[in-house]
Amino acid sequence: MIRRFLDGMKAPDRRRVFYAILGGKALGLALLFLIIAGIPAYFGHPALAEDTAVPPPAYVNPINTMWVCVTAFLVFFMQAGFMFLEAGFARTRETVNVLLEGIVDTCLCGLLFWAFGFAFMFGAGNGFIGHQYFFLHGAPDTYGSTGVAFLAFFLFQYAFADTCSTITSGAMIGRCGFVGDLVYSVGVSGFIYPILGHWAWGPDGWLNTIHPAAFHDFAGSTVVHTIGGVISLCGAIVLGPRLGRKFKRDGGGPMPGHDMTIAAVGGVILWFGWYGFNPGSTLSAMDFQGIGRIAANTTLAACAGGLSAMFWMYPRNKVWDCGMTINGFLAGLVAITCPCYWVSPFGAICIGAISGPVCALVVDLLEHLRIDDPVGAVAVHGGAGIWGTLSLGLFATGQYGAATPTGADTSAGALVTGLFYGGGTSQLVGQAIGSAAITVGTFVVAMTLMYATKLTVGLRVSKEGEEEGLDLHEHGGGAYPELLGGIMSVSGGGGGHEPKGAPVGAKAY
């Protein structure tokens, strides 16, 4: 074959044919390679586009991903804290109801956030809602430019969404039917939290572009806590107070919780979980100075909030109030959640110290308005959340910018400066606009949701069911059957009559 080819190439006409075919094939291959390289570049292929950013070092992604996973686990553990705290502030008759609501809300939120909540909140779309990543379809390896594995980022944000959902149930303890709880939980986890959260945290949220300064909320004083607190307020208003609840202006006062031990332990568990909530929001283990600053600020604000609430209450009743002290340090944690990255330790102490009295004053306001909030969810998350959001516009030092996958961005354009540090009122105005927009938006939508639930499946249990106690009426048994001879039954209003089969003198609470 080779000899025949060589003999044929001796003829001039055959040589011309061969070179023509060879040249045509080479030209075709060159054109094909040009198409392969040119079309993706024309349409913005990241590997060939002219403006391609230099990728972070290869080690950044696994380190940042592990950091986010660990902090997500801490935030998830806060559910145990919520369940302890709310159960302790509740009465024995509704303890199982509190525990089961916490478990079911966690399960429900996970599936809803997977299906469409994450898409609404973190998918690209417009300034008000995202429409990308439904059912996590089309997810890339990492989320945006975070250097964090996409599913690790999803897990972290799911834990946040679950926190918002759990906040709501605290103000509705003792009289909300379980079916009603399921319905409003779908609305909170699937729609209200992710859609309004998109305004501030979405890749194209409109609050990121407001003037004179963009709205900032580092870890969620507004996005998580104010939203949760306002929904709690709406639920408490629509439900009305528990049977037998007598307010201070009528000669009564709050009903005591049944177990301050587990309430206090639950509060401290929440404090521990906050070390995932705030430092984890850097999404970057490389910003080690920012992580240390956030963790210290979180601690100091909680300490100041707990003490200021305790000392604020002492002159009023001449006792050292454990319940208000717990809510005081939680209020400090809620308040520092927004500004934790941008303030100094001294600023964190000031923010926490103010949050304690803010919490107590909101409790007083609700008591005056005859709104029944058994655990103080509205005061802790709503009141302190708004204060913490505004405090950024006052206490931001102007030294810190933003966390990035490879460290801190301290360029002039990224720095955040508050009024007390020479920044003027621009950041304070931006914070007020963002807080007001989300607060009002949440209130309108949540009131609609609560009334719609009330008019359809029902939001409140029957009078008979509430008098019997939610644990027996809704779940078939109580948390402490041995204490009451195996049967738990109570009259309305927290007073008890002796249940059948109980030992002489036994009471149900």
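Predicted model: local features only at pLDDT ≥ 70, side-chain atom pairs only at ≥ 80, totals over all residues.

User: How many of the 19 residues of α12 are buried?

Analyst: A residue is called buried when its relative accessible area is under 20%. Helix α12 is largely enclosed by the rest of the structure, because the number of its 19 residues that are buried is 17.

User: Which residue caps the N-terminal end of α10?

Analyst: Helix α10 runs over residues 322–337 and reaches 23 Å from its first C-alpha to its last, close to the 22 Å expected. Of its 16 residues, 14 are buried, so α10 is largely enclosed by the rest of the structure. At its N-terminal end, a side-chain oxygen lies 3.0 Å from the backbone nitrogen of Gly 323, and the residue that supplies this oxygen is Asp 321.

User: What is the arrangement of the aromatic pair formed by Phe 118 and Phe 154?

Analyst: A search of the whole structure finds 32 aromatic pairs. In the pair formed by Phe 118 and Phe 154, the rings are 5.7 Å apart centre to centre, with 70° between the planes. Planes over 60 degrees apart count as edge-to-face, so the arrangement of Phe 118 and Phe 154 is edge-to-face.

User: How many residues apart in sequence are the parts that this pair ties together?

Analyst: Phe 118 lies in helix α4 (residues 95–122), whereas Phe 154 lies in helix α5 (residues 150–170). Phe 118 is buried, with a relative accessible area of 0%, and Phe 154 is also buried, at 13%. Both belong to one aromatic cluster, which also includes Phe 113, Tyr 133 and Phe 150.

User: Over the ring of which residue does the charged end of Arg 293 sit, 3.5 Å from its centre?

Analyst: Arg 293 lies over the face of Tyr 341, at 4.6 Å from the ring centre. The charged end of Arg 293 also sits over another ring, 3.5 Å from its centre, and that ring belongs to Tyr 400.

Technical notes
Residues numbered from 1 in each chain as written. Heavy atoms only, no water. Helix = DSSP H or I, 4+ residues; strand = E, 2+ residues; numbered from the N terminus. Expected span 1.5 Å × (residues − 1). Buried < 20%, exposed > 50% of the residue type's maximum accessible area, 1.4 Å probe, protein only. Polar contact = N/O pair within 3.5 Å; in protein donor to acceptor, adjacent residues only side chain to side chain. Phe/Tyr/Trp six-rings, centres within 6.5 Å; stacked < 30°, edge-to-face > 60°. Lys NZ or Arg CZ within 6 Å of the ring centre and 35° of its normal.
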